[in-house]
Amino acid sequence: MSKPLCNVNQSLPIVVIGAGPVGLAAAANLVQYQQDFLVLEAGPRVAASMSGWRHVRLFTPWSYLIAPAGRRLLERQGDWSEPDADRVPFAGELIDGYLDPLSKVPDIAAKIKLNHKVISVSREGHDLMKDGRRDEAPFLIVVDSPDGPKRFRARAVVDASGTWTNPNPLGSGGIPADGEQQAQDRIQYGMPDILGGDRDRYAGKRVLVVGSGHSATGNVLHLLKLADDFPATQIAWGIRRRNPAKLWGGGSDDEIAARGQLGTLAKEAVDQGNVTLLTGLSVVALHRRESGLEIIDVDGRSRIEVDEIIVASGARPDLAMLRELRLEFDPATEATKTLGPLIDPNHHHCGSVPPHGAAELRHPESGFYLAGMKSYGRAPTFLLVTGYEQVRSIVAELSGDREAARNVELVLPATGVCSLDLCEQEDDCGPAESCRQR
(Lines give C-alpha, C1' and ligand atoms only; values in the text may rest on other atoms or scores of the structure.)
Protein backbone atom coordinates (compact mmCIF):
# COMPACT_ATOMS: atom_id res chain seq x y z
CA MET A 1 0.00 0.00 0.00
CA SER A 2 1.19 3.53 -0.79
CA LYS A 3 2.11 6.00 1.89
CA PRO A 4 -0.59 8.35 3.21
CA LEU A 5 -1.19 11.50 1.20
CA CYS A 6 0.34 13.83 3.79
CA ASN A 7 3.16 12.95 6.18
CA VAL A 8 2.55 15.97 8.44
CA ASN A 9 0.99 15.08 11.81
CA GLN A 10 0.96 11.36 10.99
CA SER A 11 1.02 10.51 14.70
CA LEU A 12 -2.38 12.15 15.14
CA PRO A 13 -5.70 10.38 14.50
CA ILE A 14 -8.22 11.07 11.77
CA VAL A 15 -11.38 12.42 13.39
CA VAL A 16 -14.81 11.43 12.09
CA ILE A 17 -17.67 13.66 13.21
CA GLY A 18 -20.91 11.73 13.61
CA ALA A 19 -21.62 8.07 14.40
CA GLY A 20 -24.50 7.63 12.00
CA PRO A 21 -24.47 5.19 9.06
CA VAL A 22 -21.91 7.17 7.03
CA GLY A 23 -19.68 7.98 10.02
CA LEU A 24 -19.59 4.30 11.01
CA ALA A 25 -18.83 3.36 7.40
CA ALA A 26 -15.89 5.75 7.52
CA ALA A 27 -14.74 4.06 10.73
CA ALA A 28 -14.98 0.62 9.11
CA ASN A 29 -12.86 1.77 6.19
CA LEU A 30 -10.31 3.31 8.57
CA VAL A 31 -10.04 -0.02 10.37
CA GLN A 32 -9.48 -1.70 7.02
CA TYR A 33 -6.61 0.68 6.26
CA GLN A 34 -5.23 0.33 9.79
CA GLN A 35 -5.50 4.07 10.45
CA ASP A 36 -5.75 5.60 13.89
CA PHE A 37 -9.03 7.48 14.33
CA LEU A 38 -11.69 8.83 16.68
CA VAL A 39 -15.44 9.12 16.12
CA LEU A 40 -17.08 12.05 17.92
CA GLU A 41 -20.85 11.67 18.33
CA ALA A 42 -23.02 14.44 19.80
CA GLY A 43 -25.77 12.07 20.89
CA PRO A 44 -25.96 9.53 23.72
CA ARG A 45 -25.75 6.58 21.30
CA VAL A 46 -24.69 5.76 17.77
CA ALA A 47 -27.23 6.61 15.06
CA ALA A 48 -28.77 9.08 17.53
CA SER A 49 -30.68 11.04 14.89
CA MET A 50 -32.01 7.92 13.20
CA SER A 51 -33.13 6.49 16.54
CA GLY A 52 -35.60 9.38 16.70
CA TRP A 53 -37.42 8.00 13.66
CA ARG A 54 -36.84 4.28 14.15
CA HIS A 55 -40.59 3.78 13.58
CA VAL A 56 -40.25 4.73 9.89
CA ARG A 57 -40.06 2.05 7.23
CA LEU A 58 -37.28 2.87 4.79
CA PHE A 59 -37.89 2.51 1.06
CA THR A 60 -34.47 1.16 0.20
CA PRO A 61 -33.85 -2.58 0.72
CA TRP A 62 -31.02 -4.00 2.81
CA SER A 63 -28.84 -4.34 -0.29
CA TYR A 64 -28.43 -0.53 -0.31
CA LEU A 65 -28.04 -0.10 3.45
CA ILE A 66 -24.90 -2.02 4.41
CA ALA A 67 -21.49 -0.53 3.67
CA PRO A 68 -19.09 -3.09 2.14
CA ALA A 69 -16.38 -2.32 4.71
CA GLY A 70 -18.92 -2.69 7.51
CA ARG A 71 -20.07 -6.04 6.12
CA ARG A 72 -16.52 -7.33 6.02
CA LEU A 73 -15.88 -6.37 9.63
CA LEU A 74 -19.10 -7.97 10.85
CA GLU A 75 -18.51 -11.16 8.88
CA ARG A 76 -15.08 -11.37 10.44
CA GLN A 77 -16.68 -11.34 13.90
CA GLY A 78 -18.52 -14.54 13.03
CA ASP A 79 -21.67 -13.89 15.07
CA TRP A 80 -23.60 -11.66 12.64
CA SER A 81 -26.15 -12.80 10.08
CA GLU A 82 -26.73 -10.50 7.12
CA PRO A 83 -30.43 -9.66 6.59
CA ASP A 84 -32.30 -10.58 3.43
CA ALA A 85 -30.91 -8.24 0.76
CA ASP A 86 -34.30 -7.64 -0.87
CA ARG A 87 -36.28 -6.85 2.26
CA VAL A 88 -37.09 -3.23 3.15
CA PRO A 89 -36.49 -2.65 6.88
CA PHE A 90 -37.65 -0.07 9.38
CA ALA A 91 -35.05 2.43 10.56
CA GLY A 92 -35.04 0.66 13.92
CA GLU A 93 -34.15 -2.61 12.22
CA LEU A 94 -31.24 -0.94 10.45
CA ILE A 95 -30.00 0.27 13.83
CA ASP A 96 -30.52 -3.02 15.65
CA GLY A 97 -29.44 -5.34 12.83
CA TYR A 98 -26.45 -3.45 11.44
CA LEU A 99 -25.40 -0.14 13.00
CA ASP A 100 -25.37 -1.28 16.63
CA PRO A 101 -23.46 -4.50 15.86
CA LEU A 102 -20.96 -2.55 13.73
CA SER A 103 -20.39 -0.01 16.50
CA LYS A 104 -19.62 -2.87 18.91
CA VAL A 105 -16.85 -4.34 16.79
CA PRO A 106 -13.86 -3.91 19.15
CA ASP A 107 -11.74 -1.99 16.62
CA ILE A 108 -14.54 0.58 16.30
CA ALA A 109 -16.09 0.54 19.78
CA ALA A 110 -12.84 1.67 21.40
CA LYS A 111 -12.73 4.73 19.13
CA ILE A 112 -16.25 6.13 19.64
CA LYS A 113 -16.84 9.00 22.06
CA LEU A 114 -20.54 9.56 22.76
CA ASN A 115 -22.05 12.81 24.08
CA HIS A 116 -19.19 14.71 22.44
CA LYS A 117 -20.77 17.58 20.53
CA VAL A 118 -18.36 19.36 18.21
CA ILE A 119 -18.45 23.13 18.71
CA SER A 120 -15.69 24.14 16.30
CA VAL A 121 -13.16 22.77 13.85
CA SER A 122 -10.12 24.90 13.02
CA ARG A 123 -6.39 24.76 12.28
CA GLU A 124 -4.40 24.98 15.47
CA GLY A 125 -3.05 28.52 15.80
CA HIS A 126 -4.73 29.69 12.56
CA ASP A 127 -8.00 31.55 12.20
CA LEU A 128 -9.71 31.83 8.83
CA MET A 129 -7.50 34.70 7.64
CA LYS A 130 -4.09 33.46 8.74
CA ASP A 131 -1.91 31.74 6.13
CA GLY A 132 1.15 30.90 8.21
CA ARG A 133 2.00 27.20 7.88
CA ARG A 134 -1.65 26.34 7.64
CA ASP A 135 -1.43 23.00 5.84
CA GLU A 136 1.15 21.78 8.35
CA ALA A 137 -0.91 22.74 11.40
CA PRO A 138 -3.04 19.99 12.93
CA PHE A 139 -6.79 20.35 13.07
CA LEU A 140 -8.17 21.45 16.42
CA ILE A 141 -11.62 20.12 17.34
CA VAL A 142 -13.35 21.67 20.34
CA VAL A 143 -16.23 19.69 21.87
CA ASP A 144 -18.71 19.87 24.69
CA SER A 145 -18.57 16.66 26.70
CA PRO A 146 -20.06 15.36 29.96
CA ASP A 147 -16.76 16.34 31.60
CA GLY A 148 -16.79 19.85 30.15
CA PRO A 149 -14.96 21.32 27.14
CA LYS A 150 -12.36 19.14 25.46
CA ARG A 151 -9.89 19.67 22.64
CA PHE A 152 -8.75 17.05 20.16
CA ARG A 153 -5.97 17.36 17.60
CA ALA A 154 -6.24 15.54 14.28
CA ARG A 155 -4.33 15.14 11.05
CA ALA A 156 -7.57 15.03 9.01
CA VAL A 157 -11.30 15.47 9.61
CA VAL A 158 -14.29 13.79 7.94
CA ASP A 159 -17.52 15.60 8.87
CA ALA A 160 -20.39 13.12 8.53
CA SER A 161 -22.64 14.81 11.08
CA GLY A 162 -25.61 15.03 8.71
CA THR A 163 -28.38 17.60 8.58
CA TRP A 164 -31.32 15.96 10.37
CA THR A 165 -31.02 18.08 13.53
CA ASN A 166 -31.18 21.33 11.52
CA PRO A 167 -34.57 21.22 9.74
CA ASN A 168 -35.73 23.84 7.29
CA PRO A 169 -38.35 26.21 8.71
CA LEU A 170 -42.02 26.30 7.77
CA GLY A 171 -41.78 29.76 6.26
CA SER A 172 -41.19 30.39 2.59
CA GLY A 173 -37.88 31.70 1.28
CA GLY A 174 -35.89 29.67 3.80
CA ILE A 175 -36.81 31.81 6.82
CA PRO A 176 -39.23 31.10 9.66
CA ALA A 177 -42.81 32.23 9.21
CA ASP A 178 -44.05 35.04 11.44
CA GLY A 179 -45.36 33.34 14.54
CA GLU A 180 -43.57 30.03 13.84
CA GLN A 181 -41.37 30.27 16.92
CA GLN A 182 -44.34 31.17 19.12
CA ALA A 183 -46.29 28.15 17.82
CA GLN A 184 -43.64 25.52 18.54
CA ASP A 185 -46.05 23.67 20.83
CA ARG A 186 -48.18 22.94 17.75
CA ILE A 187 -45.36 22.15 15.29
CA GLN A 188 -43.13 19.12 14.81
CA TYR A 189 -40.37 18.79 12.23
CA GLY A 190 -39.32 15.68 10.31
CA MET A 191 -41.20 12.44 10.94
CA PRO A 192 -42.98 12.24 14.30
CA ASP A 193 -44.20 8.87 15.59
CA ILE A 194 -47.77 9.37 14.41
CA LEU A 195 -48.87 5.79 14.99
CA GLY A 196 -46.95 5.36 18.24
CA GLY A 197 -45.74 7.86 20.79
CA ASP A 198 -47.43 10.84 19.08
CA ARG A 199 -50.71 9.04 18.38
CA ASP A 200 -52.79 11.01 20.92
CA ARG A 201 -51.36 14.29 19.67
CA TYR A 202 -52.80 13.83 16.17
CA ALA A 203 -55.82 11.58 16.68
CA GLY A 204 -59.01 13.42 15.73
CA LYS A 205 -57.14 16.65 14.96
CA ARG A 206 -56.86 18.87 11.88
CA VAL A 207 -53.28 18.29 10.75
CA LEU A 208 -51.30 20.10 8.04
CA VAL A 209 -48.24 18.36 6.56
CA VAL A 210 -45.90 20.72 4.69
CA GLY A 211 -43.33 19.43 2.20
CA SER A 212 -43.15 17.49 -1.04
CA GLY A 213 -40.44 14.93 -0.29
CA HIS A 214 -40.62 11.34 0.84
CA SER A 215 -40.74 12.28 4.52
CA ALA A 216 -43.83 14.41 3.90
CA THR A 217 -45.44 11.60 1.92
CA GLY A 218 -44.70 9.15 4.72
CA ASN A 219 -46.31 11.48 7.27
CA VAL A 220 -49.44 11.75 5.15
CA LEU A 221 -49.70 7.96 4.80
CA HIS A 222 -49.26 7.48 8.55
CA LEU A 223 -52.00 10.03 9.24
CA LEU A 224 -54.28 8.13 6.86
CA LYS A 225 -53.74 4.97 8.93
CA LEU A 226 -54.47 6.96 12.08
CA ALA A 227 -57.69 8.23 10.51
CA ASP A 228 -58.85 4.63 10.06
CA ASP A 229 -59.09 4.40 13.87
CA PHE A 230 -60.01 8.05 14.47
CA PRO A 231 -62.26 9.16 11.58
CA ALA A 232 -62.44 12.75 12.88
CA THR A 233 -58.77 13.19 11.88
CA GLN A 234 -58.52 15.68 9.00
CA ILE A 235 -55.42 15.72 6.81
CA ALA A 236 -54.20 18.63 4.68
CA TRP A 237 -51.02 18.55 2.62
CA GLY A 238 -49.34 21.79 1.61
CA ILE A 239 -46.77 22.01 -1.18
CA ARG A 240 -45.14 25.01 -2.83
CA ARG A 241 -45.51 23.61 -6.33
CA ARG A 242 -48.57 24.56 -8.35
CA ASN A 243 -48.49 21.31 -10.28
CA PRO A 244 -48.39 18.22 -8.03
CA ALA A 245 -47.29 15.79 -10.77
CA LYS A 246 -43.78 15.34 -9.40
CA LEU A 247 -45.23 14.65 -5.97
CA TRP A 248 -46.44 11.22 -7.08
CA GLY A 249 -42.95 10.00 -7.98
CA GLY A 250 -42.07 7.44 -10.61
CA GLY A 251 -44.59 4.79 -9.58
CA SER A 252 -43.86 1.50 -11.32
CA ASP A 253 -40.95 3.14 -13.20
CA ASP A 254 -39.03 3.65 -9.96
CA GLU A 255 -36.32 1.01 -9.63
CA ILE A 256 -36.91 0.99 -5.86
CA ALA A 257 -40.42 -0.44 -5.62
CA ALA A 258 -41.18 0.82 -2.10
CA ARG A 259 -40.21 4.35 -3.07
CA GLY A 260 -42.45 4.31 -6.13
CA GLN A 261 -45.34 2.96 -4.09
CA LEU A 262 -45.24 5.92 -1.69
CA GLY A 263 -46.36 8.37 -4.37
CA THR A 264 -48.92 5.99 -5.81
CA LEU A 265 -50.65 5.54 -2.44
CA ALA A 266 -50.55 9.26 -1.74
CA LYS A 267 -52.13 10.10 -5.10
CA GLU A 268 -54.92 7.63 -4.48
CA ALA A 269 -55.66 9.26 -1.12
CA VAL A 270 -55.81 12.74 -2.68
CA ASP A 271 -57.95 11.56 -5.61
CA GLN A 272 -60.36 9.88 -3.20
CA GLY A 273 -60.71 13.05 -1.13
CA ASN A 274 -59.13 11.60 2.00
CA VAL A 275 -56.39 14.25 1.90
CA THR A 276 -56.84 17.92 1.05
CA LEU A 277 -53.99 19.01 -1.22
CA LEU A 278 -53.03 22.70 -1.01
CA THR A 279 -50.82 23.59 -3.98
CA GLY A 280 -48.88 26.83 -4.32
CA LEU A 281 -48.68 27.13 -0.53
CA SER A 282 -45.81 29.38 0.59
CA VAL A 283 -46.36 30.20 4.24
CA VAL A 284 -45.49 33.66 5.51
CA ALA A 285 -47.30 33.75 8.87
CA LEU A 286 -49.18 31.78 11.49
CA HIS A 287 -51.95 33.41 13.49
CA ARG A 288 -52.98 31.71 16.71
CA ARG A 289 -56.77 31.82 17.03
CA GLU A 290 -59.04 30.33 19.68
CA SER A 291 -60.18 27.86 17.03
CA GLY A 292 -56.69 26.89 15.83
CA LEU A 293 -53.67 28.03 13.81
CA GLU A 294 -54.51 30.13 10.78
CA ILE A 295 -52.07 29.69 7.87
CA ILE A 296 -51.30 32.83 5.84
CA ASP A 297 -49.57 32.63 2.45
CA VAL A 298 -47.22 35.12 0.81
CA ASP A 299 -50.14 36.86 -0.87
CA GLY A 300 -51.71 37.56 2.50
CA ARG A 301 -54.46 35.01 1.99
CA SER A 302 -55.77 32.77 4.76
CA ARG A 303 -55.42 29.27 3.34
CA ILE A 304 -56.49 26.93 6.13
CA GLU A 305 -56.92 26.61 9.89
CA VAL A 306 -55.46 23.59 11.67
CA ASP A 307 -54.67 22.20 15.11
CA GLU A 308 -51.22 20.75 14.36
CA ILE A 309 -48.48 21.22 11.76
CA ILE A 310 -45.81 18.75 10.64
CA VAL A 311 -42.99 20.41 8.71
CA ALA A 312 -41.20 17.90 6.48
CA SER A 313 -39.51 20.23 4.02
CA GLY A 314 -35.97 18.95 4.40
CA ALA A 315 -32.95 20.15 6.32
CA ARG A 316 -29.82 22.21 5.82
CA PRO A 317 -26.21 21.83 6.94
CA ASP A 318 -25.07 23.49 10.15
CA LEU A 319 -21.88 25.20 9.03
CA ALA A 320 -21.32 27.38 12.10
CA MET A 321 -18.76 25.02 13.62
CA LEU A 322 -16.68 25.18 10.43
CA ARG A 323 -16.41 28.95 10.06
CA GLU A 324 -12.65 29.08 10.78
CA LEU A 325 -11.89 26.64 7.94
CA ARG A 326 -11.28 27.59 4.33
CA LEU A 327 -14.14 25.87 2.53
CA GLU A 328 -15.87 26.28 -0.81
CA PHE A 329 -19.56 25.64 -1.34
CA ASP A 330 -21.87 25.61 -4.31
CA PRO A 331 -23.89 28.85 -3.98
CA ALA A 332 -27.24 27.23 -4.77
CA THR A 333 -27.14 24.05 -2.71
CA GLU A 334 -24.53 24.69 0.00
CA ALA A 335 -23.05 21.39 -1.10
CA THR A 336 -19.32 20.94 -1.57
CA LYS A 337 -18.46 23.21 -4.50
CA THR A 338 -17.55 20.61 -7.13
CA LEU A 339 -20.40 18.29 -6.12
CA GLY A 340 -23.10 20.97 -6.10
CA PRO A 341 -23.70 21.27 -9.87
CA LEU A 342 -23.95 17.48 -10.13
CA ILE A 343 -26.89 17.31 -7.71
CA ASP A 344 -28.56 20.73 -7.99
CA PRO A 345 -32.32 20.02 -8.31
CA ASN A 346 -32.70 23.11 -10.49
CA HIS A 347 -30.68 21.35 -13.21
CA HIS A 348 -30.35 17.74 -12.04
CA HIS A 349 -32.75 15.38 -13.75
CA CYS A 350 -34.01 11.81 -13.45
CA GLY A 351 -32.35 11.10 -10.11
CA SER A 352 -29.00 10.12 -11.60
CA VAL A 353 -25.91 11.05 -9.58
CA PRO A 354 -22.53 10.59 -11.25
CA PRO A 355 -19.84 8.69 -9.34
CA HIS A 356 -17.92 10.98 -7.01
CA GLY A 357 -15.41 10.61 -4.21
CA ALA A 358 -12.45 12.33 -2.60
CA ALA A 359 -11.60 14.40 -5.68
CA GLU A 360 -15.07 16.01 -5.83
CA LEU A 361 -15.32 16.39 -2.05
CA ARG A 362 -12.02 18.21 -1.45
CA HIS A 363 -11.95 21.71 0.03
CA PRO A 364 -9.16 24.29 0.00
CA GLU A 365 -8.53 23.24 3.62
CA SER A 366 -6.28 20.26 2.98
CA GLY A 367 -7.34 17.13 4.87
CA PHE A 368 -10.93 18.22 5.54
CA TYR A 369 -13.92 16.51 3.91
CA LEU A 370 -17.67 16.68 4.19
CA ALA A 371 -19.40 13.34 3.60
CA GLY A 372 -22.92 11.95 3.65
CA MET A 373 -25.98 14.18 3.76
CA LYS A 374 -23.94 17.18 4.84
CA SER A 375 -21.88 17.02 1.65
CA TYR A 376 -25.16 17.45 -0.28
CA GLY A 377 -26.01 20.67 1.54
CA ARG A 378 -29.68 21.39 0.86
CA ALA A 379 -29.93 19.18 -2.22
CA PRO A 380 -32.29 16.19 -2.22
CA THR A 381 -31.99 12.58 -3.42
CA PHE A 382 -29.26 11.38 -1.07
CA LEU A 383 -28.98 7.62 -0.58
CA LEU A 384 -26.82 5.92 2.05
CA VAL A 385 -24.97 3.96 -0.62
CA THR A 386 -23.73 7.32 -1.94
CA GLY A 387 -22.24 8.21 1.43
CA TYR A 388 -20.67 4.78 1.77
CA GLU A 389 -18.81 5.21 -1.51
CA GLN A 390 -17.81 8.76 -0.57
CA VAL A 391 -16.09 7.70 2.65
CA ARG A 392 -14.50 4.65 1.03
CA SER A 393 -12.81 6.99 -1.46
CA ILE A 394 -11.93 9.61 1.18
CA VAL A 395 -10.32 7.08 3.51
CA ALA A 396 -8.37 5.56 0.62
CA GLU A 397 -7.07 9.05 -0.25
CA LEU A 398 -6.09 9.81 3.34
CA SER A 399 -4.36 6.44 3.55
CA GLY A 400 -2.30 7.05 0.44
CA ASP A 401 -4.16 4.55 -1.75
CA ARG A 402 -4.71 7.04 -4.56
CA GLU A 403 -5.73 4.47 -7.14
CA ALA A 404 -8.56 3.19 -4.92
CA ALA A 405 -9.59 6.76 -4.18
CA ARG A 406 -9.88 7.53 -7.90
CA ASN A 407 -11.73 4.34 -8.83
CA VAL A 408 -15.17 5.47 -7.72
CA GLU A 409 -18.14 3.34 -8.64
CA LEU A 410 -21.67 4.43 -7.91
CA VAL A 411 -24.79 3.06 -9.60
CA LEU A 412 -28.01 4.38 -8.12
CA PRO A 413 -31.53 3.14 -8.86
CA ALA A 414 -33.50 5.47 -11.14
CA THR A 415 -36.42 7.32 -9.61
CA GLY A 416 -38.56 7.18 -12.73
CA VAL A 417 -39.04 10.95 -12.48
CA CYS A 418 -37.36 13.47 -14.77
CA SER A 419 -37.64 16.97 -13.30
CA LEU A 420 -37.02 18.66 -16.66
CA ASP A 421 -40.09 17.05 -18.20
CA LEU A 422 -42.22 18.09 -15.26
CA CYS A 423 -40.95 21.66 -15.31
CA GLU A 424 -41.95 21.95 -18.93
CA GLN A 425 -45.50 21.07 -17.88
CA GLU A 426 -45.68 23.60 -15.04
CA ASP A 427 -46.36 27.31 -15.12
CA ASP A 428 -43.79 27.78 -12.39
CA CYS A 429 -41.58 24.98 -11.12
CA GLY A 430 -40.56 27.09 -8.16
CA PRO A 431 -37.77 26.15 -5.79
CA ALA A 432 -37.33 22.43 -5.28
CA GLU A 433 -38.38 21.19 -1.86
CA SER A 434 -35.63 19.60 0.15
CA CYS A 435 -36.09 15.95 1.07
CA ARG A 436 -33.91 13.04 1.97
CA GLN A 437 -34.10 9.68 0.33
CA ARG A 438 -33.21 7.25 3.07
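Q: How much space lies in the largest pocket?
A: In general, a pocket is an open set of points on a 1 Å grid over the protein atoms alone, with protein on both sides within 12 Å along at least five of seven lines. Its volume is the space filled by probe spheres set on the points, which are joined across faces, edges and corners. Here the largest pocket holds about 790 Å³. Keep in mind that this is a predicted model, where local features need pLDDT of at least 70, side-chain atom pairs count only at pLDDT 80 or more, and totals for chains, interfaces and linings use all residues. Residues are numbered from 1 along each chain as its sequence is written, and side-chain values use heavy atoms, leaving out hydrogens and water.

Q: Which residues are closest to the centre of the largest pocket?
A: A lining residue has an atom within 4 Å of a point. There are 40 of them here, and S49, A160, S161, G162 and T163 are the closest to the centre. Helix 1 (21-32), helix 2 (48-51) and strand 4 (117-123) each give the lining at least two residues; helices (H or I, at least four residues) and strands (E, at least two) are DSSP runs, numbered from the N terminus.

Q: Is helix 1 largely enclosed by the rest of the structure, or is it exposed, and why?
A: Buried means under 20% relative accessible area, exposed over 50%, and partly exposed in between (1.4 Å probe, protein chains only). Helix 1 is largely enclosed because 11 of its 12 residues are buried. Among them are P21, L24, N29 and V31.

Q: Which residues touch the most other members of the largest nonpolar core?
A: A nonpolar core is a set of buried Ala, Val, Leu, Ile, Met, Phe, Trp, Tyr and Cys residues joined through side-chain atoms within 4.5 Å. In this model the largest one has 63 residues, and L94, Y98 and I108 touch the most other members. Helix 1 gives the most to this core, with eight residues. Leaving aside neighbours within four places in sequence, I108 is in contact (heavy atoms within 4.5 Å) with residues including L24, A27, A28 and V31.

Q: Where is N115, and what is its phi?
A: N115 sits in the loop between strand 3 (112-113) and strand 4. Its phi is near 55°, a positive value in a residue other than glycine. N115 counts as partly exposed because its relative accessibility is 33%.

Q: Where is P380?
A: Look in the loop between strand 16 (368-370) and helix 11 (384-398). P380 is buried, at 8% relative accessible area.

Terms used. 1 Å grid on protein atoms, 1.4 Å probe; cavity = no way out; pocket = protein on both sides within 12 Å on 5 of 7 lines; lining within 4 Å.
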